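Dear colleague,

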Amino acid sequence: MSYTNILCETRGPVGILILNRPERRNALSTEVMREVVHALEQWEADDAIGAIVLMGNDKAFAAGADIQEMQNQSFANLYLQDFPEGRGGAWTRVSAIRKPIIAAVSGYALGGGCELAMACDFIIAADNAKFGQPEIMVGTMPGAGGTQRLTRLIGKSKAMEMCLTGRFVDANEAERAGLVSRIVPLADLKEEAIRTATKIASLSRPSVMMIKDAVKAADELPLTEGLKVERRSFQATFALEDQKEGMAAFLEKREPRFKNR
């Protein structure tokens, strides 16, 4: 499938999805998100791909949802469609992709763009990145995870301030708050994200997926239940050939040769 609003490339076992609406600062229209989900689902089904990088351009990861598209919507239409996240909405579908997705964020990640970055598994930010949920400034509120994922990531107080005031936070504040895993120079962002994704893709894919599932469970389950998910997943890795190979390689002081089974 050819895309209008995104660019896709691969680098070895890594899929690279680049939002490509520079004239609109990568505003996330319904069509953009449809293309994003389609590309991610293609890579999810592709055995050659082990991890994914999702990024924008130097000035904007994605500066929000498409206001022109939403401006004249009615409550009835939005409610009946359960827009934007009902019926397996796009942000939820991004979060459900089983292979790890790294958000490589430079420039603005605002509103739906911040929500898209949070739907990925972790964020590597360029030193010029700015994050925000400014929906209140146009008389509405976050609708694709901004009040929920953000609160889980950075806590009630800071999430409440960001959502109520629309204040942007820079990369340093985002890292201190726990929204961003680390910061790199803008010039290094793409290569560092690909390097990180390549490392993940070189590891045992079933174990990687189990780790992703277990970490996500920490957001949704009580501690005792989350620990049970972790324990059962740990036990399950001992049914993998990769576990036998990994531990043998460690004891033999050589690189493991994982087969993803």
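The notes below cover a helix pair, a sheet and some individual residues.

This is a predicted model, in which local features need pLDDT of at least 70 and side-chain atom pairs count only at pLDDT 80 or more, whereas totals for chains, interfaces and linings use all residues. Residues are numbered from 1 along each chain as its sequence is written, and side-chain values use heavy atoms, with hydrogens and water left out.

Helices (DSSP runs of H or I, at least four residues) and strands (runs of E, at least two) are numbered from the N terminus. Helix 10 (residues 205–220) and helix 11 (residues 223–237) have axes that come within 9 Å and cross at roughly 175°; axes are lines fitted to C-alpha atoms, for helices over the stretch in contact, and angles run from 0 to 180 degrees between N-to-C directions. The two helices are therefore roughly antiparallel (an angle over 145 degrees). Contact, meaning heavy atoms within 4.5 Å, joins S207, M210, A214 and A217 of helix 10 to V229, E230, S233, A236 and T237 of helix 11.

Buried residues (under 20% relative accessible area, 1.4 Å probe, protein chains only; exposed is over 50%, partly exposed in between) in helix 10 include R205, P206, K212, A214 and A217. Among the elements covering the buried residues of helix 10 are helix 4 (90–96), helix 9 (189–201), helix 11 and helix 12 (241–251).

Helix 9 also holds E192, which is buried at 16% relative accessible area. Beyond its neighbours within four places in sequence, E192 is in contact with R182 and V184.

Turning to the sheet, four strands form an open sheet in the order 4-6-8-9, with mixed pairing; two strands pair if DSSP finds at least two bridges between them. Strand 4 (60–62) and strand 9 (169–170) are at the edges with a single partner strand each, so one side of each has no neighbour in the sheet. Helix 5 (residues 112–119) packs on this sheet and touches strand 4, strand 6 and strand 8, its direction making about 95° with that of strand 6. Strand 6 (residues 108–110) and strand 8 (residues 130–132) pair in the parallel sense over three bridges, and Y108 stands opposite K130 in strand 8.

Two backbone values remain. Most residues other than glycine have a negative phi. K253, however, has a positive phi of about 55° and is exposed, at 78% relative accessibility. For N260, phi is near 60°, and this residue is partly exposed, with a relative accessible area of 33%. K253 lies in the segment after helix 12, and N260 lies in the segment after helix 12.

How values were computed
Angles under 35 degrees count as roughly parallel, over 145 as roughly antiparallel, 65 to 115 as roughly perpendicular and the rest as oblique.
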